[in-house]
Amino acid sequence: MVSEEVVEFNKKQPVFKNPAFQQKFRLTTTTGKKRTWRSLKQVLAQERALPWPSEVVHYSSINAPPSFRPAKKYSDISGLSARYTDPQTKLYYATAEEFATVRSLPMDITAGYLALRGASSIVG
């Protein structure tokens, strides 16, 4: 019985890594440069500068119809998905604790939250 266990351990284990694998990209440590990321504005400006044929599809040529789904609302206090709107201040909130916070805020801070969200400020 002991010899059977020894035979099982001596079996070659399957190899999951390819020993001939070579990386196709350069590591940042070998070149000494860090990789820079471009924003969407930079990509669009770069695409507009190139001469494109009319049939090529790129970021600035895609026209999407407006969505039929309502816009998703996020809490002005925590950023969580908000299911409720305070009728007095028009701020979005997600929990009862946030509702208490929203009601305790002064009007100038409430107007600031609405301005950040792009909503019109409340009058009266």
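## Exercises on ring pairs and salt bridges

The count of aromatic pairs comes to 2, where rings of Phe, Tyr and Trp (its six-membered ring) pair if their centres lie within 6.5 Å, with planes under 30 degrees apart counting as stacked, over 60 as edge-to-face and the rest as tilted. This is a predicted model, in which local features need pLDDT of at least 70 and side-chain atom pairs count only at pLDDT 80 or more, while totals for chains, interfaces and linings use all residues. Residues are numbered from 1 along each chain as its sequence is written, and side-chain values use heavy atoms, with hydrogens and water left out.

**Exercise 1.** Classify the pair formed by the rings of Y93 and F99, and state how accessible each residue is.

*Solution.* A pair of aromatic rings is described by the distance of the centres and the angle of the planes. The ring centres of Y93 and F99 are 5.0 Å apart and their planes stand at 45 degrees, so the pair is tilted. For accessibility, buried means under 20% relative accessible area, exposed over 50%, and partly exposed in between (1.4 Å probe, protein chains only). Y93, at 12%, is therefore buried, whereas F99, at 27%, is partly exposed. Ring pairs also join Y84, Y93 and F99 into a cluster.

**Exercise 2.** Find the salt-bridge partner of R117 and work out which parts of the chain the pair ties together.

*Solution.* A salt bridge is a side-chain nitrogen of Lys or Arg within 4 Å of a carboxyl oxygen of Asp or Glu, and the structure holds 2 of them. In one, R117 is paired with D76, the closest N and O atoms being 2.7 Å apart. Because R117 lies in helix 5 (residues 107-117) and D76 in the loop between helix 3 (40-49) and strand 1 (84-85), the pair ties together parts that are 41 residues apart in sequence; helices (H or I, at least four residues) and strands (E, at least two) are DSSP runs, numbered from the N terminus. R117 is partly exposed at 28%, while D76 is buried at 15%.
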